[in-house]
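My notes follow in the order in which I made them.

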Amino acid sequence: MVDDAPLSAGELLDVVDEHDRVVGQARRGDVYARRLRHRCAFVLVRNAAGEIFVHRRTERKLVFPSLYDMFVGGVVGAGESYDEAARREAEEELGVPGLPDPTPLFTFLYETPEHTWWSAVYEVRCDGPVDPQATEVAWHAFLSEEELDRRLTEWDWVPDGLAAYRRLLAWRREEPRPDR
């Protein structure tokens, strides 16, 4: 018998306010159903060639099933830090234990009429082979930035990941460099 229920609906999450302070806890399914603000970690994964890990989510994902994403990551569990969630999610989704700690880049509030969460964006390098979690990842590949840019208008992307990627590109353009 195959269980077709969405994944992780019972997971306990911290609920946060507009300043990212914890104000309570709720089950993941309730958080989405009641549009409660919570926390998510986004990790951009690059290989030794600088290519970006891109994947299509499985159809059983609770939010944004079957859409493409250029980040691994997910919700921050109750009592968990963004850093802990970023590392846990990256290792789980990539199937690669012992990754280096993802580098934190920036945070932003993602809000739509349907969803609201504080988002922490990270980057990590993964030089070895990946073995993505079959319950999370239906397809995957490492793409060059140019190939990813071409696919942005061709594929259906998770809206929060697309927003985070656009913010990352803008952040990179504005990031102070020693040669400026």
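**Entry 1: terms and ground rules**

I began with the rule for a salt bridge, which is a side-chain nitrogen of Lys or Arg within 4 Å of a carboxyl oxygen of Asp or Glu. I noted that this is a predicted model, in which local features need pLDDT of at least 70 and side-chain atom pairs count only at pLDDT 80 or more, while totals for chains, interfaces and linings use all residues. Residues are numbered from 1 along each chain as its sequence is written, and side-chain values use heavy atoms, with hydrogens and water left out.

**Entry 2: confidence**

I looked up pLDDT, the predictor's confidence in each residue, from 0 to 100. The mean pLDDT of the protein chain is 91, and 93% of its residues reach 70 or more. Over residues 1–6 the pLDDT is below 50, and this stretch has five contacts (heavy atoms within 4.5 Å) in the model beyond near neighbours in sequence. I keep in mind that where pLDDT is low, the predicted coordinates should not be read in detail.

**Entry 3: salt bridges**

By the rule above I have a count of 18 salt bridges. I looked up Glu 111 and Arg 35, whose side chains meet in a salt bridge at 3.8 Å, N to O. This pair links distant parts of the chain, with Glu 111 in strand 7 and Arg 35 in the loop between helix 1 (28–33) and strand 3, 76 residues apart. For the numbering I use DSSP runs counted from the N terminus, where helices are H or I of at least four residues and strands are E of at least two. For accessibility, buried means under 20% relative accessible area, exposed over 50%, and partly exposed in between, with a 1.4 Å probe and protein chains only. Glu 111 counts as partly exposed at 39%, and Arg 35 also counts as partly exposed, at 32%.

I then turned to Glu 123, which forms a salt bridge with Arg 172, the closest N and O atoms being 2.5 Å apart. Here too the pair links distant parts of the chain, since Glu 123 is in strand 8 and Arg 172 is in helix 4 (residues 159–174), 49 residues apart. Glu 123 is buried, with a relative accessible area of 16%. I also found that Arg 46, Glu 123, Glu 145 and Arg 172 are linked in a network of salt bridges.

**Entry 4: strands 7 and 8**

I followed Glu 123 into its strand, where it is the bridge partner of Thr 103. Strand 7 (residues 103–111) and strand 8 run antiparallel and are joined by eight bridges; two strands pair if DSSP finds at least two bridges between them. The two strands form a hairpin with four residues between them. Ser 119 is found in strand 8 and is buried, with a relative accessible area of 0%. Leaving aside neighbours within four places in sequence, I find Ser 119 in contact with Cys 40, Phe 42, Phe 106, Thr 107, Phe 108 and Tyr 110.

**Entry 5: helix 2**

Which residues of helix 2 are buried? I list Tyr 82, Ala 85, Ala 86, Glu 89, Ala 90, Glu 93 and Leu 94. Seen down the helix axis, these buried residues fall within an arc of 130°, so they line one face of helix 2; the arc is that of the directions from the helix axis to the C-beta atoms. What covers them includes strand 3 (38–46), strand 4 (52–57), strand 6 (72–75), strand 8 (116–125) and strand 9 (137–143).

Within helix 2, Arg 87 and Glu 91 are four residues apart and are separated by about one helical turn. They form a salt bridge, with the closest N and O atoms 3.1 Å apart. Arg 87 is partly exposed at 29% relative accessibility, and Glu 91 is partly exposed at 22%. After helix 2 comes Gly 95, whose phi is positive, near 70°.

**Entry 6: Gly 77**

Finally I checked Gly 77, which sits in the loop between strand 6 and helix 2 and is buried, with a relative accessible area of 9%. Gly 77 and Leu 12 are 65 residues apart in sequence and 6.3 Å apart in space, C-alpha to C-alpha. Not counting residues up to four places away in sequence, Gly 77 touches Glu 11, Leu 12, Leu 13, Asp 14 and Arg 88.
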